[in-house]
Amino acid sequence: MDNLRLLFAAPPLSLQLLLDGILIGAIFALAAYGMALVWGVMGLINVAQGELVMLGGYAAYFLYRAGIHPLLGVPVAAVLLFFLGWALYRSVIFRVVDKDLFISILATYGLSILLQQLANGLFGANVRTAESGFGTLVLLGGEVTIAEIKLISFGAALLTGAALLVFLRRSRMGQAIRATAQNARAARVMGIDTDRVYAWTFGINAAICGASGALVAMTWIVHPYLGLPYTVRSFMIVILAGLGNVLGVLAAALGLGVAENFAGFILGAEYQAAFIFGLLVVILVWRRFSLARQRRYLT
Amino acid sequence: MPKSIPKARLLATGACALLLIAAGSAAAKVEGDTVVLGAAVSLTGKYSVNGKNTKDGYDLAVKRINEMGGVKVGGKAYKLKVLYYDDESTPARGAQLAERLINQDGVKFVLGAYSSGLTKAIAPVTEKYKIPHVEGNGAARELFTEGYKYLFAVLSTSDYYLRDAVNLAAEVAKEKGRDPKTLKIAMAFENDPFSLDVRQGIVEAAQKHGMKIIVDDKLPPEINDMAATLTKVKAVKPDLLLVSGHEKGATLVVKQTAEMRVDVPIVGTTHCDSAKIAETLGKIAEGVLCASQWDRKLSYKDKWFGSADDYAKLFEKEFNYPAPYQAAESTASVLVFADAFARAGSFETEKVRDAISATDMMTFYGPIKFDETGKNTAKPMVLYQVLGGDYKVVAPTKWAETKLVFPRKMPQ
């Protein structure tokens, strides 16, 4: 309760939490959008989402160590991860598309453990960070601070989202992806090589995750066990926003970021995650009720 | 006759098992002129970095002792050897492997695993079989409240990690003419046994000085962002900010206090040497206090390695990275065994246990003397401050290289 009183006594704190929440939310949005894409197009839930974020972080970190500014590392990480995603599709994922959802969960769960341990074996369990060298913006006489890197991450996340949207709307591959998402069989009848579409989709997902991972490595830290919270958050955001709704994903992600920060402040960091999961349950129950009401009108 | 086949197979399996057990205990503790010690260490999983430090520490001790002619027991020189298994950083696996070391491999002397969690899983097993277990990497206080008779630790328990940071703050406050009672502490800890012990130590020290704790957050294990906690810290303006969250916590608190301009006169954390905050984070790490079990600049000496610095040099030559304290305390654990074997004049586990319990020795790692619960009470913790991009010892004052810079100058 003391924390709540503190919050009311000092309004700039709320502003600080709000800003931090919105800025981290954008990074969650990227990974979540990738998950929604794969889920919507290929009908599989990728549990290894967080591991792709982690690998993107390592890509940026190693580029940074090689003297490349981490900001330039973002597109490079995305490209590298695209090829990794492609390779993962060609070796593992293609076997589980069109199968039961649980098979895909099991397969990608296995993949997540494999990637985690590979990263641990190859890079070690050390905590790393790619120093971007950006400063801090100080507002309201030092009461509110925004790390410039978070602002840049936010911009980069929005930019990536927008680029994706344009790609899906305008390019031929984007149209093929959307057609496959609507009806894979019909798309095949129309002459679309859905296998190729799936490979692209998974590659794009990995690329987005790679970009968000590079931003994570710059803003916070990267280590082999980073993945799980990102997978869980992506899952929550997608559940909330639904598939194929870019703006919905963005709104849900920003909301989640803000909720997480306020919960961490008011309830203490230990209940931050618990609060989020509690929220998920409440939302699912509420949605069930509202859907049930709609169904009643129909009958 | 299909029925008799399973029976025959059963018999054969039984015979094989018996043979294995017999072979196991015959091969037991001494193979010719070599004494075998056993250890489960984390070579994979989340502790793999520190697990390797532990193994390297053991290996260096064994190598050095063997080079110097081994240990003399009953007039005969014996060499040491360590049998390793990978516990995959999971306690359940650690306990299994301890059973295996003792029952199948016939090991009679066990060296510790890395982390309190693993040690907590293995200690009941060594206790059950009455096997002496000397460890240097399980610092949780609760390991020594269970009444274990066969568990010994060469390191300071975790409640001592940041206790001295509080004492140091009280000292500085007095010097500046401030009553230590007016000091306010903000703290955040990962929710694991180690960090909660660190917290307990701080709470006790704060009570002793009458200081007030105004923020007391617990960080989730998957912590990636401390912004919520630090926003609070910034608002309440404490005099001390103390954090224990392994390497992640150390890196985050340094990075985010600078980013969010959280200006606290004393910022203390654990694990900042293994997180390499001074090396990787540069000037934003300036002025941070770090707790450590050991430092190469301390003036301890022994007959095996010479000074602490000699040890560090030898270690670096051997393994190509600077010696972390995790390796030093592992090396010290082997030295305890070597010393106890010589004094016991026997490899009988009971005699060795009693000899370990009576240990009173000086090593490059510091003085070692166990209290009745098995923890080393002779060695103090070390506090560093990051100054000019380097770790300088500021406490205990007996070995301090320099005075604490107070208040910490916030890097701009």
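This report describes a chain contact, a helix pair and a strand sheet in a predicted model.

## Basis of the model

Local features require pLDDT of at least 70 and side-chain atom pairs pLDDT 80 or more, while totals for chains, interfaces and linings use all residues. Residues are numbered from 1 along each chain as its sequence is written, and chains are lettered from A in the order in which they are written.

## Contact between chains A and B

Chain A gives 37 residues to the contact and chain B gives 30 residues; residues are in contact if their C-beta atoms, placed from the backbone, lie within 7 Å. On the side of chain B that touches chain A, the elements giving two or more residues are α2 (48–67), β9 (212–219), α7 (227–236) and α8 (246–259) of chain B. Helices (H or I, at least four residues) and strands (E, at least two) are DSSP runs, numbered from the N terminus.

## Two helices of chain A

Helix α6 (residues 148–170) and helix α7 (residues 172–182) of chain A pack at about 80 degrees, with axes 5 Å apart. Axes are lines fitted to C-alpha atoms, for helices over the stretch in contact, and angles run from 0 to 180 degrees between N-to-C directions. α6(A) and α7(A) are therefore roughly perpendicular (65 to 115 degrees).

## The sheet of chain B

Seven strands of chain B form an open sheet with mixed pairing, in the order β9-β8-β10-β11-β12-β17-β18; strands pair if DSSP finds at least two bridges between them. Within chain B, β8 (residues 184–190) and β10 (residues 240–244) pair in the parallel sense over five bridges, and B:Met187 stands opposite B:Leu242 in β10(B).

Technical notes
Two residues are in contact if their C-beta atoms, placed from the backbone, lie within 7 Å. Angles under 35 degrees count as roughly parallel, over 145 as roughly antiparallel, 65 to 115 as roughly perpendicular and the rest as oblique.
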